[in-house]
Amino acid sequence: MARSHTTWHGTAALALESETIRIVVVPTMGAKIVSLLDKRTGTEWLAGPGDRPFRPSSYGATFDQQDMSGWDEMFPTITACSYPAPGVYTGVPLPDHGEIWAVPWTDLGGEDLTLAVEGRALPYRLTRRLSLPGPATLRFDFHLANLSAEPIPYIWAAHPQFACGTGAHVVLPPEVKEVYNVLTEEWGWGAFNANLPWPAAQRADGAALQLDSIGPPTLKRARKFYLLPDQAVASATLVRRPTGDWLRTAWDAAQVPYLGLWVDEGALNAASVAAPEPATGFYDSLALAWQNQRVAVVQPGAEVTWWLTVRLGTSEERYE
């Protein structure tokens with residue numbers, strides 16, 4: 001495993017690679033992962049800027065006005081809201097897609113890629129360590145420290161933009177039979193706040209919906225589902241068509257009990273992307289998750305940890 005300095009679209013970046021996998025991270029842009037490359041096949045799994053040239057962002061920026069590339073960390077909310085918990089921080093505004101994706105992180109050095117960021121609206125420190133522990137496997141280790149004298153509820157969510165190539169198929173554990181739709185009908189997929197059968201459903205007008213299949217960007221639509229909040233799963237897989245290359249994300253469901261699934265077929269991104277989003281809250285707004293008591297909380301002065309892995313495979317390898 002080798003760590004090195006590089007650049008991405010003219011911006012300083014860090015690379016970490018093994019014989020089978022290479023990742024690139026931009027510390028000044030929220031420690032965004034901008035490349036996840038399977039060196040065996042040449043498959044790049046993260047979407048690039050496409051028709052949205054990369055430019056630096058600033059704290060409080062609107063996420064979908066940016067380049068829509070790579071993998072960002074969402075914390076302590078996804079949608080913008082006011083901080084809901086009682087205490088001295090009640091009502092503090094939390095920006096769109098959280099407050100850490102558009103600000104610089106500090107490189108802590110070492111053989112792995114370990115970076116950290118401190119909150120601006122709330123007093124916390126989040127550290128993320130990226131390592132390559134096995135063949136074609138990327139591991140994330142997160143460490144969250146509450147620097148205040150009050151409990152802090154939070155939503156952390158992974159936010160990758162996995163490139164689907166000419167098509168892809170989402171594989172969830174077999175016990176998943178329903179999903180919860182959290183986008184309005186204008187996005188093209190079913191009634192808002194309604195349960196839909198997985199993987200095949202119907203719209204109110206009778207149109208068939210194959211929820212697990214990602215179509216071309218010419219469809220100009222998107223969808224966001226969550227698994228039902230009491231159904232904690234620990235993995236999700238994306239299989240590219242027709243190559244059979246696959247990517248499997250796994251996590252500790254005891255620490256990260258919720259799963260969102262974002263699919264963009266040309267609505268916001270130039271290419272079709274899919275994003276399994278393990279999360280610590282249900283669903284995107286911290287205020288809503290707090291109201292529903294579906295949110296993680298770190299106690300005053302305490303620290304919590306969680307992990308996630310991404311494994312890359314080819315059609316010759318089994319993902320289960």
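1. Let's start with charge. The protein carries 24 positive and 34 negative side chains, and the centres of these two sets sit 3 Å apart. Keep in mind throughout that this is a predicted model.

2. Next, the overall build. Laid along its principal axes, the C-alpha trace spans about 50 × 45 × 35 Å.

3. A few words on surface and interior. Of the 320 residues, 57% count as buried. The accessible surface comes to about 12,600 Å², and carbon and sulfur atoms account for 52% of that. As for how the chain meets itself: take the contacts between residues at least 6 apart in sequence, and 61% of them join residues at least 24 apart.

4. Now the cysteines. How many disulfides does the count come to? The answer is zero. The rule asks for a pair of cysteine sulfur atoms within 2.5 Å. Two cysteines are worth a look anyway. Cys81 counts as buried because its relative accessibility is 13%, under the 20% cut-off. Cys164 is buried too, with a relative accessibility of 1%.

5. Most peptide bonds are trans. Phe75 and Pro76, however, are joined by a cis peptide bond, with omega at about -5 degrees. Pro76 lies in the loop between β6 (71-74) and β7 (81-82). A cis peptide bond also links Trp198 and Pro199, where omega is about 10 degrees. Here the setting is the loop between β18 (194-197) and β19 (200-202), which is where Pro199 is found.

6. Two backbone angles deserve a second glance. Most residues other than glycine have a negative phi. His9 is not a glycine, yet its phi is positive, at about 50 degrees. You can find His9 in the loop between β1 (2-8) and β2 (11-17). Ala136, again not a glycine, has a positive phi of about 50 degrees, and its place is in the loop between β11 (124-134) and β12 (137-146).

7. Ala136 is buried, with a relative accessible area of 1%.

8. On to strand β24 (residues 246-251), which holds Ala250. Which residues does Ala250 touch, leaving out those up to four places away in sequence? They are Ala234, Ser235, Trp307, Leu308 and Thr309. Ala250 and Arg311 are 61 residues apart along the chain, while their C-alpha atoms are separated by 8.4 Å.

9. Last stop: Glu118, in strand β10 (residues 113-118). Glu118 counts as partly exposed because its relative accessibility is 45%, which falls between the 20% and 50% cut-offs. Setting aside residues up to four places away in sequence, Glu118 touches Tyr124, Arg125 and Leu147. Leu147 is 29 residues from Glu118 along the chain, and the C-alpha atoms of the two are separated by 9.4 Å.

Note on methods. Residues are numbered from 1 along each chain as its sequence is written. This is a predicted model: local features need pLDDT of at least 70, side-chain atom pairs count only at pLDDT 80 or more; totals for chains, interfaces and linings use all residues. Side-chain values use heavy atoms; hydrogens and water are left out. Buried means under 20% relative accessible area, exposed over 50%, partly exposed in between (1.4 Å probe, protein chains only). Contact means heavy atoms within 4.5 Å. Accessible areas come from the Shrake-Rupley method with a 1.4 Å probe; for residues, only the protein chains shown count as cover. Lys and Arg count as positive and Asp and Glu as negative; His and the chain ends are not counted. The place of a charge is taken as NZ of Lys, CZ of Arg, CG of Asp or CD of Glu. Helices (H or I, at least four residues) and strands (E, at least two) are DSSP runs, numbered from the N terminus.
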